[in-house]
Amino acid sequence: MAKASFILLPMDENTQKNHLKAYGITFWCLEKNYKASWLLNYRGGAFLLPDVLEIRKECQIRGVSFEILSDAEQTNILNEIASPSQNMEAVILEKAPRIAVYTPKGKQPWDDAVTLVLTYAEIPFTAVYDEEVLTNQLLLYDWLHLHHEDFTGQYGKFFGTYKNAPWYIEQKNEAEVLAAKLGYPKVSQEKGAVAKKIRDFVIGGGFMFAMCSATDSFDIALAADGVDICEPMFDGDQSEANYQSKINYANSFAFKDFTLERKPERYEFSDIDMTDKRRIPMDKDYFSLMDFSAKWDPIPSMLCQNHTQLVKGFMGQTTSFDAALIKSNVLVMGSCELNGEARYIHGQKGKGMFTFYGGHDPEDYQHQVGDAPTVLDLHPNSPGYRLILNNVLFPAARKKKQKT
């Protein structure tokens, strides 16, 4: 009898009971220095692990489906993947990335899809915030995540609806105290400094993943560096005259030619976001993932691994991106056919990379302030959450620099 040598975690639709926890198993193996491979476009982006008793046990404990392969079966699979006629690739995962999640110390009245899915998949991360970022502690990490943030100093543009809500008043006060403590006269200046540190982290080779309003507000903060775009209720003085004409699009990562939203009571930063422009009924709100060549374009292929190419749409303060305002060197990886909006984009900056994902919570169509957090036990096979976890695992596959 052939002895079993490998464990396959299938990631196709019908055989994997818990797609999200499968990423956690793979991450756990990397932490324990086991070899792991990501089989791009093979059975939904399956993972190949060594057959070790503790890995089998861990799969059973976490409810992850696995198959046992003999040496011969593993060789056949790898030969099939290597065939030039197959749009597949086997990528070796080297080491578990060190993960930081940018999140304030206090609880927010909304949940963060990434913290939620990392916790559910049992992938360890460290929470960091402005103090850690401004004291260069991002250098300790490979991967940084930003979620529902506002890097412009306008407190998430919640003023119109929530200016009298106790949580809004408290958050504004906390932000002002923190900015003063860190030596900045205004929250907008302190948040701008944080955005620039994050920019430097990426340029230096870091990987940044942003969702919801952390995508456009980050780019706006970089493009508006040194320009006062905040009205008095946010920073105590008038905004600069003609500030729109002073925006420097060369400084932003992904977006160009956008127009800022001048009204402080509007829950919107600029025309990058499509939330108010889209006319898509909920039952037709899907976006499709692009098909990339696994052998020639392994990075976008990794970021798009899924058991379906059609992902259910979901709203957020920043739901999706106006395709006309995306820089030409940024790759659109997921878009909605009905109106051409981009949902999932990727680009390079210096030695590092960034991915922007529109929307707030992939399994909560229209998340409201105060809503209960999503229970991921009800969505263990969520394609929308899989995209987040692709980004988490992706830095593990980073190729070593070639010696020249």
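Glutamate 231 lies in the loop between helix 9 (213-223) and helix 10. In this predicted model, glutamate 231 is buried yet has no salt bridge. The nearest side chain of opposite charge belongs to arginine 262, 4.7 Å away, whereas a salt bridge requires a side-chain nitrogen of Lys or Arg within 4 Å of a carboxyl oxygen. The side chain of glutamate 231 instead makes a polar contact with the side chain of serine 239, at 2.9 Å. Not counting residues up to four places away in sequence, glutamate 231 touches Gly236, Asp237, Gln238, Ser239, Tyr243, Arg262 and Pro264.

Asparagine 242 counts as exposed, because its relative accessibility is 56%. A positive phi is also found at asparagine 41, near 65 degrees. Asparagine 41 belongs to the loop between strand 2 (36-40) and strand 3 (46-50), and with a relative accessible area of 29% it is partly exposed.

The loop between strand 2 and strand 3 also holds arginine 43, which is the salt-bridge partner of aspartate 12. The closest N and O atoms of this pair are 3.4 Å apart. Because aspartate 12 lies in the loop between strand 1 (4-9) and helix 1, the pair ties together parts that are 31 residues apart in sequence. Arginine 43 is partly exposed, at 24% relative accessible area.

In general, side chains of opposite charge can pair when their charged atoms come close. The whole structure contains 23 salt bridges. One of them joins glutamate 122 to lysine 21, with the closest N and O atoms 3.3 Å apart. Glutamate 122 is in the loop between helix 4 (113-121) and strand 7 (126-128) and lysine 21 is in helix 1, so this pair connects parts that are 101 residues apart in sequence. Lysine 21 counts as buried, at 12% relative accessibility, while glutamate 122 is partly exposed, at 40%. Both residues belong to a network of salt bridges that links Lys21, Glu58, Arg62 and Glu122. Elsewhere, arginine 56 and aspartate 51 meet in a salt bridge of 2.8 Å, N to O; arginine 56 is partly exposed, at 29% relative accessibility.

Attention now turns to the interior. Strand 14 (residues 352-357) is largely enclosed by the rest of the structure, because six of its six residues are buried. Both faces of strand 14 are covered, with Gly352, Phe354 and Phe356 on one side and Met353, Thr355 and Tyr357 on the other. Strand 9 (residues 207-211) runs parallel to strand 14 and is joined to it by five bridges, whereas strand 13 (residues 342-349) pairs with strand 14 in the antiparallel sense over six bridges. Phenylalanine 354 is the bridge partner of methionine 208 and also of glycine 347. Strand 13 and strand 14 form a hairpin with two residues between them, and glycine 350 in the turn has a positive phi of about 60 degrees.

Leaving aside neighbours within four places in sequence, isoleucine 388 is in contact with Ala113, Val114, Val117, Phe209, Met211, Tyr357 and Pro362.

Methods. Residues are numbered from 1 along each chain as its sequence is written. This is a predicted model: local features need pLDDT of at least 70, side-chain atom pairs count only at pLDDT 80 or more; totals for chains, interfaces and linings use all residues. Side-chain values use heavy atoms; hydrogens and water are left out. Helices (H or I, at least four residues) and strands (E, at least two) are DSSP runs, numbered from the N terminus. Buried means under 20% relative accessible area, exposed over 50%, partly exposed in between (1.4 Å probe, protein chains only). Lys and Arg count as positive and Asp and Glu as negative; His and the chain ends are not counted. A polar contact is a pair of N or O atoms within 3.5 Å; within protein, one must be able to donate a hydrogen and the other to accept it, and residues adjacent in sequence count only if both atoms are side-chain atoms. Contact means heavy atoms within 4.5 Å. Two strands pair if DSSP finds at least two bridges between them.
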